[in-house]
Amino acid sequence: MNTPPLPATSFSRRLLDWHACHGRHDLPWQNTRDPYRIWLSEIMLQQTQVDTVIRYYQRFLERFADLPTLAAASLDEVLGLWSGLGYYARARNLHRAAQTVMSEHGGVFPQGAETIASLPGIGRSTAAAIAAFAFGQRGAILDGNVKRVLCRHQGIEGYPGEKVVENRLWALAESLLPEDAGTIGAYIQAQMDLGATLCTRTRPACERCPVGADCVARATARTDVLPTARPRKSIPRREARLAVILGEHGFLLERRPPSGIWGGLLSLPELPEGNPDDDAGWLARRYGVRVLDHEALEPLEHVFTHFRLGIQPVLFKTQATEHVAEAPLTWV
């Protein structure tokens, strides 16, 4: 069951009135037009809860108070302050984007949503949110909260990640924008707050929803099935052996390639596939260490978004023979 879009004034006005009384107004990144602080918060809030982000956001600003300071910092320091927040590609892109603003935009954060979206790690929705909050530009967003609200309110079926459904949601989001550009920031925040506090994934508070009176999902008792879930696929499993190399200076870590899992992070070296009997020879050739003893440690499993990784750690007690550095190494 689908319903035609409501007039923008009807939907947006109710949302704005609700937000004025019940929305969130005192988060650390609110009540500012500073695009740097707004951008930082939007990146941190991708795939992370507000309560978790607050302490990281405040600590990050204590060290990197402005964009030039972030751009001049080392990636290691940026990743260090991001440690524990997860999805580290966000931190790498944040650092790259800061350097891009310095080198290509004279250190001035761009104002247009299209230009903002060209920066590393910033998509269409995030760019529109930054442009709205920092510069008052009128534009729709379509993050997870907004997708959920629109799918339920308008009874839109189909997985929102599918292009045809997403395109429909973008058109709907644009059609519901308030005409008054002066209210765009409040409206964008109202959409986020509605999805985060009332129109939640489970047990939504429909009786308190400002747009619940004409919500299709509520009227048809489908709040538990809208939005349509991602089609289930079998999650592949991969296997890896990680070398826990113990020497007189501690444990040896090596920086992983910039792309792929744990990209750019220091990690236990990954042993090559093939003949485990040659582990000692491989460690000698690559790291210049002689294996004195080794033992397999308890295996573990780590679940990523698209696959499961079975990890077999192997402890190697070693003695240095010479320094061989095929990759950035550090003892810790």
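This is a predicted model: local features need pLDDT of at least 70, side-chain atom pairs count only at pLDDT 80 or more; totals for chains, interfaces and linings use all residues.
Student: Which ones?
Tutor: The buried residues are Val-146, Lys-147, Arg-148, Val-149, Leu-150, Cys-151, Arg-152, His-153 and Gln-154.

Student: What caps the N-terminal end of H9?
Tutor: Asp-143 does, with a side-chain oxygen 3.2 Å from the backbone nitrogen of Asn-145.

Student: And what comes just after H9?
Tutor: Gly-155, which has a positive phi of about 65 degrees.

Student: Switching to Ser-12. Where does it lie?
Tutor: Ser-12 is in helix H1, residues 8–22.

Student: Is Ser-12 buried or exposed?
Tutor: Ser-12 counts as buried because its relative accessible area is 4%, and the cut-off for buried is under 20%.

Student: What is Ser-12 in contact with, leaving aside neighbours within four places in sequence?
Tutor: Leu-176, Pro-178 and Tyr-187.

Student: What else does Tyr-187 touch?
Tutor: Not counting residues up to four places away in sequence, Tyr-187 also touches Phe-11, Leu-15, Leu-16, Leu-176, Leu-177 and Pro-178.

Student: Now the largest nonpolar core. Which residues have the most contacts inside it?
Tutor: Trp-39, Met-44, Phe-60, Leu-70, Leu-150 and Tyr-187, in a core of 71 residues.

Student: Which helix gives the largest share of this core?
Tutor: Helix H8, residues 124–135, with 8 residues.

Student: What lies apart from that core?
Tutor: Another core, of 10 residues, including Ile-245, Tyr-287, Val-289 and Phe-316.

Conventions. Residues are numbered from 1 along each chain as its sequence is written. Side-chain values use heavy atoms; hydrogens and water are left out. Buried means under 20% relative accessible area, exposed over 50%, partly exposed in between (1.4 Å probe, protein chains only). Helices (H or I, at least four residues) and strands (E, at least two) are DSSP runs, numbered from the N terminus. A polar contact is a pair of N or O atoms within 3.5 Å; within protein, one must be able to donate a hydrogen and the other to accept it, and residues adjacent in sequence count only if both atoms are side-chain atoms. Contact means heavy atoms within 4.5 Å. A nonpolar core is a set of buried Ala, Val, Leu, Ile, Met, Phe, Trp, Tyr and Cys residues joined through side-chain atoms within 4.5 Å.
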